[in-house]
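Here are a few friendly notes to read alongside the model.

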Amino acid sequence: MTTPYVAFLRGINVGGNALIKMADLAKVFSSLKFKKVRTFIASGNVLFESELDSKTLESKIEKALLKSFGQKISVLVRPVSDLEQIISQDPFGKKTSDDKWKLYVVFLKEEPVAALRKVLVALSGDLETYRIQGRDVYVTLHKEHPKPTFSGNFIEKHLKMPATARNWNTVCKVVKVP
């Protein structure tokens, strides 16, 4: 039985780096015999179906991207059902409907160790907060924050693992792609 997934590719088509056309990306996924392959916006979100598990998919996709594009690109795969659960739990609470905040979900390769979790969460303040649940980091940034420290690289540095961030709107929309 196939499971619907979303692959989040780290660092493509951002700031002029790792420029990959979505049509070319879809071809790579299709060549791997995944079903119902489609891309969503140009920042490296690919929806597809497969019978394989997330970890196997991440490795398989990363190897195919290296072979096709000559670039090492980290891939974080989540079942659509996991994303639907994140959305239904509304990890940001009232801030979801408050236009003073920018909201992000950072997807991690694995669950971070407790010591690193504590370090990142301790960096939270009134204008920038970090909360970790499993393999996901929830970030809130106040729109008037003068110097936010948040970025995907910031999370990777503190948690010592590959990560990729998506804004809340993207996470909510990607699960609705037909």
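1. The protein chain of this predicted model contains six helices and eight strands. Read from the N terminus, the order of elements is β-α-β-β-α-β-α-β-α-β-β-α-β-α. With a radius of gyration of 16 Å, close to the 16 Å from the globule rule for 178 residues, the chain is as compact as a globular protein of that length.

2. On dimensions, the C-alpha atoms occupy a box of roughly 45 × 30 × 30 Å along the principal axes. Among contacts with a separation of 6 or more, 67% join residues 24 or more positions apart.

3. Turning to burial and surface, 46% of the 178 residues count as buried. The protein chain exposes about 9,500 Å², and carbon and sulfur atoms supply 54% of that area.

4. For charge, you will find 29 positive and 18 negative side chains. The centres of these two sets are 4 Å apart.

5. One residue I would like to walk you through is His 142, which belongs to strand E7, residues 136-142. Is His 142 buried or exposed? Its relative accessible area is 15%, and the cut-off for buried is under 20%, so His 142 is buried.

6. What surrounds this side chain? Apart from neighbours within four places in sequence, His 142 is in contact with Lys 100, Trp 101 and Leu 127.

Terms used: Residues are numbered from 1 along each chain as its sequence is written. This is a predicted model: local features need pLDDT of at least 70, side-chain atom pairs count only at pLDDT 80 or more; totals for chains, interfaces and linings use all residues. Side-chain values use heavy atoms; hydrogens and water are left out. Helices (H or I, at least four residues) and strands (E, at least two) are DSSP runs, numbered from the N terminus. The radius of gyration is taken over C-alpha atoms; the globule rule is 2.2 Å times the number of residues to the power 0.38. Buried means under 20% relative accessible area, exposed over 50%, partly exposed in between (1.4 Å probe, protein chains only). Contact means heavy atoms within 4.5 Å. Accessible areas come from the Shrake-Rupley method with a 1.4 Å probe; for residues, only the protein chains shown count as cover. Lys and Arg count as positive and Asp and Glu as negative; His and the chain ends are not counted. The place of a charge is taken as NZ of Lys, CZ of Arg, CG of Asp or CD of Glu.
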